[in-house]
Amino acid sequence: KFPWREDAAKLRAWQRGRTGYPFVDAGMRQLWHTGTMHNRVRMVVASFLVKHLLMDWKHGARWFWDTLLDADLASNTLGWQWAGGCGADAAPYFRIFNPVTQGEKFDAAGDYIRRWVPELARVPEEYIHAPWDAPPLALSMAGVTLGEDYPHPIVNHVKAREAALAALATVSAKTGAATGPSGESGRPSRTRSDRTMDRALKRRLEHRFGERLTGPVRQRHDE
């Protein structure tokens with residue numbers, strides 16, 4: 001049994017877009033105000049709830065069901081099972097989306113964040129995805145006081161990631177699945193299914209780009 005946690009305050013912070021991670025908060029606020037959210041952001045906020053907060057995926061499924069205009073029972077349930085690593089095709093189940101780098105990749109200038117998290121609108125672009133790293137003067141000039149205008153992160157990404165991998169490793173151990181050699185911080189070893197996925201992914205990439213790829217094509221567990 002997976003060691004889910006129950007924390008009403010953190011669940012509420014996630015629901016209301018007050019996690020302290022701007023990209024996550026922007027997505028959750030957009031959902032609350034419009035009933036819509038881009039698929040990329042859905043994956044990031046879902047990963048945050050399940051992997052960073054270690055909360056049962058059913059909490060997220062219920063919230064999406066209540067708030068999404070396009071809520072579909074099958075799609076919603078299976079999507080959350082995928083995020084929770086327990087669905088029929090949830091491979092690799094140990095994938096953990098980094099809420100900072102995901103924002104940097106898909107909202108590089110921070111326009112999406114500034115629209116839905118207006119209290120950060122004046123934060124310089126280089127700090128918009130991680131305002132806690134901004135110098136005090138930069139935050140002061142942006143009119144932001146962390147802990148007052150915008151919350152501090154409710155969890156530390158590195159520690160939360162380690163806790164999630166450790167929790168996944170305990171479940172794998174109980175079920176007899178391999179958890180990888182020592183020194184890999186609990187990252188499960190690659191299965192036959194993972195290697196099959198790699199070969200299929202390589203074939204698709206080769207077909208798309210018209211050239212043969214050398215070396216392994218692997219999906220990272222921290223994105």
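Colleague: Which residues does Trp14 touch, not counting residues up to four places away in sequence?

Modeller: This is a predicted model, in which local features need pLDDT of at least 70 and side-chain atom pairs count only at pLDDT 80 or more, while totals for chains, interfaces and linings use all residues. Residues are numbered from 1 along each chain as its sequence is written, and side-chain values use heavy atoms, with hydrogens and water left out. A contact here means heavy atoms within 4.5 Å. By that rule, and with residues up to four places away in sequence set aside, Trp14 touches Thr19, Val24, Met28, Val45, Phe48, Leu49, Leu53, Gly60, Trp63, Phe64 and Trp80.

Colleague: Which residues have the most contacts inside the largest nonpolar core?

Modeller: A nonpolar core is a set of buried Ala, Val, Leu, Ile, Met, Phe, Trp, Tyr and Cys residues joined through side-chain atoms within 4.5 Å, where buried means under 20% relative accessible area, exposed over 50%, and partly exposed in between, with a 1.4 Å probe and protein chains only. In soluble globular proteins, nonpolar side chains tend to be buried together. The largest such core in this model has 43 residues, and those with the most contacts inside it are Trp14, Phe64 and Trp80.

Colleague: Which element gives the largest share of this core?

Modeller: Helices (H or I, at least four residues) and strands (E, at least two) are DSSP runs, numbered from the N terminus. The elements giving two or more residues to the core of 43 residues are α1, α2, α3, α4, α5 (73-84), α7 and α8 (136-141). The largest share of this core is seven residues, and the element they come from is α3.

Colleague: How many helices and how many strands are there in the protein chain?

Modeller: Read from the N terminus on, the elements run α-α-α-α-α-α-α-α-α-α. The count for the protein chain is therefore 10 helices and zero strands, given that both are taken as DSSP runs.

Colleague: How many of the 13 residues of α2 are buried?

Modeller: Helix α2 covers residues 22-34 and reaches 18 Å from its first C-alpha to its last, close to the 18 Å expected at 1.5 Å a residue, where the expected span is 1.5 Å times one less than the number of residues. What covers its buried residues includes α1 (8-15), α3 (39-52), α4 (57-67), α6 (99-106) and α7 (111-116). Among the buried residues of α2 are Phe23, Val24, Met28 and Leu31. The helix is mostly covered, and the number of its 13 residues that are buried is 10.

Colleague: What share of the accessible surface of the protein chain belongs to carbon and sulfur atoms?

Modeller: Accessible areas come from the Shrake-Rupley method with a 1.4 Å probe, and for residues only the protein chains shown count as cover. Of the 223 residues in the protein chain, 44% are buried. The accessible surface comes to about 12100 Å², and the share that belongs to carbon and sulfur atoms is 53%.

Colleague: Which residue meets Glu119 in a salt bridge?

Modeller: A salt bridge is a side-chain nitrogen of Lys or Arg within 4 Å of a carboxyl oxygen of Asp or Glu, and a search of the whole structure finds four of them. In the one that involves Glu119, the N to O distance is 3.6 Å and the partner is Arg18. This pair links distant parts of the chain, 101 residues apart, with Glu119 in the loop between α7 and α8, and in the loop between α1 and α2 its partner, Arg18.

Colleague: How many residues apart in sequence are the parts that Asp70 and Arg42 tie together?

Modeller: The side chains of Asp70 and Arg42 meet in a salt bridge at 3.0 Å, N to O. Asp70 lies in the loop between α4 and α5 and Arg42 in helix α3, so the distance in sequence between the parts they tie together is 28 residues.

Colleague: Is Asp56 buried or exposed?

Modeller: The side chains of Asp56 and Lys58 meet in a salt bridge at 3.0 Å, N to O. Lys58 is partly exposed, with a relative accessible area of 36%. For Asp56 the relative accessible area is 13%, and this residue is buried.

Colleague: What is the phi of Leu54?

Modeller: Most residues other than glycine have a negative phi. Leu54 is found in the loop between α3 and α4, where it is buried with a relative accessible area of 3%. Although Leu54 is not a glycine, its phi is positive, at about 55 degrees.
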